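Let's walk through this structure together, question by question. Have the sequence and the 3D view open as we go.

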Amino acid sequence: MKKLLRIVVLGLFLSGCAYEYEPPKPDFAGTLGSYNYEVYLKYREWGGCEAVLNLKNNNSKIQTVYVELTAFDDKGKNVDMTNFIISNLSKNETAERDSAFTRVSCYDIKKLRISIKDY
């Protein structure tokens, strides 16, 4: 009986520790023109906020893209800006780039404006 009780308790303990992995969800995502974008915000060890951009070219023939991210706080005040230049981005390809907001913490970013320009 003691062995059975131990097995049941151990089984419940091990099943309670298991979890399904969920990939992180983007902080900001959407479609702009011919591009789908996802922006992930991560805290940096030495201050500021790192922005990781995933940009997918859906159907644009132009392969060089300039992306600008502007961060706003909860009052709508422009608090920081960062940018990316992505080259050789063909149709149906996805590029991942990272850059940093140096003057603001991730916690303070409530809204993000993204501008995408083809060159």
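Q: Which strand does threonine 70 lie in?
A: Strands here are DSSP runs of E with at least two residues, numbered from the N terminus. By that count, threonine 70 belongs to strand 4.

Q: What kind of model is this, and how are residues numbered?
A: This is a predicted model, where local features need pLDDT of at least 70, side-chain atom pairs count only at pLDDT 80 or more, and totals for chains, interfaces and linings use all residues. Side-chain values use heavy atoms, leaving out hydrogens and water, and residues are numbered along each chain as its sequence is written, from 1.

Q: Is threonine 70 buried or exposed?
A: Buried means under 20% relative accessible area, exposed over 50%, and partly exposed in between (1.4 Å probe, protein chains only). Threonine 70 has a relative accessible area of 2%, so the label is buried.

Q: Which residues does threonine 70 touch, not counting those up to four places away in sequence?
A: Contact means heavy atoms within 4.5 Å. With that cut-off, threonine 70 touches Asn78, Asp80, Met81, Lys111, Leu112 and Arg113.

Q: What is the strand order in the open sheet of three strands?
A: Two strands pair if DSSP finds at least two bridges between them. Strand 5 and strand 7 are the edge strands, each pairing on one side only. The pairing is antiparallel, and the order is 5-4-7.

Q: Which residue in strand 5 stands opposite glutamate 68?
A: Strand 4 and strand 5 run antiparallel and are joined by eight bridges. Across from glutamate 68 you'll find asparagine 83.

Q: Which strands stand at the edges of the open sheet of four strands?
A: This sheet is antiparallel, with its strands in the order 1-2-3-6. Each edge strand has a single partner, so one side of each is left without a neighbour in the sheet; the two are strand 1 (28-32) and strand 6 (94-101).

Q: Which residue in strand 2 stands opposite phenylalanine 28?
A: Strand 1 runs antiparallel to strand 2 (residues 35-43), and five bridges join them. Opposite phenylalanine 28 stands valine 39.

Q: Which glycine in the turn between strand 2 and strand 3 has a positive phi?
A: Strand 2 and strand 3 are antiparallel and share nine bridges; tyrosine 40 has valine 52 as its bridge partner in strand 3. The two strands form a hairpin with five residues between them, and the residue with a phi of about 100° is glycine 47.

Q: How many of the nine residues in strand 3 are buried?
A: Strand 3 also pairs with strand 6, in the antiparallel sense over eight bridges, and alanine 51 stands opposite serine 99 there. Strand 3 is mostly covered, and its buried count is eight.

Q: Which residues touch the most other members of the largest nonpolar core?
A: A nonpolar core is a set of buried Ala, Val, Leu, Ile, Met, Phe, Trp, Tyr and Cys residues joined through side-chain atoms within 4.5 Å. In soluble globular proteins, nonpolar side chains tend to be buried together. The largest core here has 24 residues, and those touching the most other members are Leu53, Leu55, Val67, Leu69 and Phe101.

Q: Which cysteines does the disulfide join?
A: A disulfide is a pair of cysteine sulfur atoms within 2.5 Å, and the count comes to one. The S to S distance is 1.9 Å, and the pair is cysteine 49 and cysteine 106.

Q: Which side chain does the side chain of serine 60 make a polar contact with?
A: Serine 60 sits in the loop between strand 3 (49-57) and strand 4 (65-72), and is buried at a relative accessible area of 8%. A polar contact is a pair of N or O atoms within 3.5 Å; within protein, one must be able to donate a hydrogen and the other to accept it, and residues adjacent in sequence count only if both atoms are side-chain atoms. At 3.4 Å, the partner is tyrosine 35.

Q: Is asparagine 88 buried or exposed?
A: Asparagine 88 lies in the loop between strand 5 and strand 6, with a positive phi near 55°. Its relative accessible area is 60%, so asparagine 88 counts as exposed.
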